[in-house]
Amino acid sequence: MAENFAQILVLLSVSVSVIVIFQRLHIPTSLGYLLVGIILSPHTIGPALDVPEIKGLAEFGVVFLLFTIGLNYSLPQLHALRGQVLGLGTAQVALGTAVVMGLAMLAGMPTAAAFVIGAVFAQSSSTIIGSQLTEQAEQNTPHGRLGLAVSVFQDVTAVPFLVVIPVLGMAVSADALAGILGLAMAKAALAFALVFFVGKWLFRPLFHIVTKQQSLEALTLAVLLVVLLAAWSTNQLGLSLAFGAFLAGMMLGETEFRHQVESSIRPFRDVLLGLFFIGVGMLLNPASLPDIWPQALLGMVVLLLSKIIIVLTVVRRSGFDWESSLRTALIVSVGGEFGLALLALALDAQVLDIRLGQVILTSVLFSMVVGAMLIRFNGPIARLLTSRRKATKANPAAIEVPAQSVLIGGYGRVGHTLAVLLQTNGIPYIAFDSDPKRVEQGRIDGHHVFLGDISDPELLASIQLEKVSLVILTTYECDMGLRATGLLHKRCPHMPIIARAEDLQMSSQLIAAGATHAYPEAIEASLRLAATAMTMLNMPSTEVDAIMQGIRDWDYQPVLEEDATK
């Protein structure tokens with residue numbers, strides 16, 4: 001017991017140190033946990049972790065991950081997403097699995113092993129994609145939203161792999177295997193019915209009783225009971241624990257308790273998922289790298305290129321322009337934590353041998369590192385590899401720009417609101433957006449919206465900027481906003497530019513690039529609250545306006561100075 005206690009202290013010490021460093025460097029923590037596993041692996045020099053109970057706990061990381069995913073994809077939500085994202089997500093997983101499986105079989109691998117490799121390579125990391133896009137302020141861009149939605153939906157479409165992969169390790173004939181797979185799918189259908197129809201009658205009343213107590217402790221215990229009971233049920237049917245947790249999440253995702261459930265389970269999920277990544281990292285044997293690195297690098301290239309080509313094709317066929325399609329493909333190309341979960345499942349079922357498992361594991365880890373860089377530089381890479389003229393296929397030279405008009409860059413939520421207000425008040429305007437779906441909807445709404453990237457120098461050279469009296473940039477993407485501001489200021493130095501910013505840092509960068517005003521949304525919301533409070537405290541409105549305008553005129557320096565003292 002004392003020896004295990006000492007090892008747990010070492011595990012916590014190394015984990016805290018690595019995760020703090022990774023968070024300060026804005027590197028996804030999932031990679032940090034993998035590094036912790038490598039450091040504590042028996043294959044490396046230094047302390048080795050040998051606590052059998054931790055491996056059992058780590059398996060529940062995937063269980064709670066699938067439960068959380070299920071919460072976000074209840075049956076009504078899946079039905080609502082049956083269009084674009086459902087089609088794209090399913091096509092990407094199916095085609096990715098089939099293509100890589102075919103290549104692996106051509107290389108002489110058994111069918112079962114080839115299938116597992118295809119399934120593993122088809123997954124993308126929602127964790128890495130989400131954190132990297134948020135850091136780059138691209139989570140609300142068309143390619144950012146689509147890339148993240150497809151990556152999350154991959155987890156849903158990959159759930160059948162949880163049923164199939166454990167069966168593949170059985171040494172039986174093809175006919176017997178088909179029968180076993182059919183039986184497994186029948187069991188999955190039974191589990192689906194059991195969790196939904198029985199659980200719906202039992203769990204909803206349970207949560208009604210628990211939530212009336214207004215006790216976080218009771219709610220947490222109830223959630224743990226539901227998750228583990230559903231996981232145990234599917235396990236008793238010969239299916240995976242994670243499959244039952246996913247079904248339980250889908251069932252509770254339809255209820256009014258979804259958000260409370262998710263917040264109560266998040267600490268367990270994050271810690272146990274961290275243990276899962278540590279366990280995966282411990283599987284990596286650095287000593288094997290000299291022998292397997294050529295195959296691992298080849299596997300990484302196959303993983304990245306296959307997904308880039310497939311996603312680029314399916315997104316392009318959905319009506320997106322070349323640049324947005326390529327940016328989405330670069331985002332989704334990264335290897336995924338769910339792929340590692342499938343790999344661990346396949347190793348336990350002995351579908352893959354140890355050496356091949358090392359090659360696939362190393363390939364996925366390499367792809368996570370390289371894929372994170374592709375996400376970071378998806379914009380410059382896409383612009384380098386695609387023809388920018390295709391993004392502005394609306395023929396801007398043929399667009400008549402009204403005199404004294406307002407130029408709006410971006411027709412998202414903010415751009416749409418501006419268009420409505422300007423059109424209602426009879427002010428001429430013209431808006432550009434690079435998302436064909438937005439442009440189509442804007443045209444349906446009767447607004448003057450055209451397809452084009454406001455940061456494209458060819459677009460700006462083609463339209464009649466001399467007729468524009470004001471530019472409003474609504475894009476949330478920092479690189480695009482800075483690029484557009486710089487180009488517009490260079491072409492028309494005296495034309496006022498109002499820009500939307502995510503935070504004070506981005507606001508300062510936009511001002512330095514030539515924007516007349518750059519309003520950071522977070523601080524503007526704080527100023528609005530402060531102004532309302534001062535008005536309600538009977539401070540004269542003229543004085544309140546003067547205070548607020550003074551802060552803006554000083555480029556928010558009073559706020560920045562206050563921030564710096566904290």
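Because the model is predicted, local features are given only where pLDDT is at least 70 and side-chain atom pairs only at pLDDT 80 or more, while totals for chains, interfaces and linings use all residues. Residues are numbered from 1 along each chain as its sequence is written, and side-chain values use heavy atoms, with hydrogens and water left out.

**Overall picture and confidence**

The chain contains 26 helices and six strands, where helices (H or I, at least four residues) and strands (E, at least two) are DSSP runs numbered from the N terminus. Of its 566 residues, 51% count as buried, a term that stands for under 20% relative accessible area, with exposed meaning over 50% and partly exposed what lies in between (1.4 Å probe, protein chains only). The accessible surface of the chain comes to about 26000 Å², and 65% of this belongs to carbon and sulfur atoms; the areas come from the Shrake-Rupley method with a 1.4 Å probe, and for residues only the protein chains shown count as cover. Among the contacts in the chain (heavy atoms within 4.5 Å) with a separation of 6 or more, 74% are accounted for by residues 24 or more positions apart.

The mean pLDDT, which is the predictor's confidence in each residue from 0 to 100, is 79 for the chain, and 85% of the residues score at least 70. Confidence is highest in strand β4 (residues 468–473), at 92, and lowest in helix α26 (residues 557–564), at a mean of 55. Over residues 388–397 the pLDDT is below 50, and beyond near neighbours in sequence this stretch has 24 contacts in the model. Residues 562–566 also have a pLDDT below 50, and this stretch has one contact beyond near neighbours in sequence.

**The sheet and its helices**

The six strands form an open sheet with parallel pairing, in the order β3-β2-β1-β4-β5-β6; two strands are taken to pair if DSSP finds at least two bridges between them. At the edges stand β3 (449–451) and β6 (517–520), each of which pairs on one side only. Neighbouring strands of the sheet are turned by 20° against each other on average, direction ignored, with axes taken as lines fitted to C-alpha atoms, for helices over the stretch in contact, and angles running from 0 to 180 degrees between N-to-C directions.

β5 and β6 pair in the parallel sense over four bridges, and the bridge partner of arginine 500 in β6 is tyrosine 519.

**Aromatic pairs**

The structure holds two aromatic pairs. Rings of Phe, Tyr and Trp (its six-membered ring) pair if their centres lie within 6.5 Å, and planes under 30 degrees apart count as stacked, over 60 as edge-to-face and the rest as tilted.

| Pair | Centres apart | Planes | Class |
|---|---|---|---|
| Phenylalanine 115 and phenylalanine 161 | 5.5 Å | 70° | edge-to-face |
| Phenylalanine 432 and phenylalanine 450 | 6.1 Å | 40° | tilted |

Phenylalanine 115 lies in helix α6 (residues 111–121) and phenylalanine 161 in helix α9 (residues 159–168), so their pair ties together parts that are 46 residues apart in sequence. Phenylalanine 115 is buried at 18% relative accessible area, and phenylalanine 161 is buried at 9%. Phenylalanine 432 lies in strand β2 and phenylalanine 450 in strand β3, so this pair ties together parts that are 18 residues apart in sequence. Phenylalanine 432 is buried, with a relative accessible area of 1%, and phenylalanine 450 counts as buried at 18%.

**Two loop residues with positive phi**

Most residues other than glycine have a negative phi. Glutamine 350, although not a glycine, has a positive phi of about 60°; glutamine 350 is found in the loop between α16 (337–348) and α17 (354–376) and counts as exposed at 68% relative accessibility. Asparagine 538, also not a glycine, has a positive phi of about 70°, lies in the loop between α24 and α25 (541–553), and is exposed with a relative accessible area of 69%.
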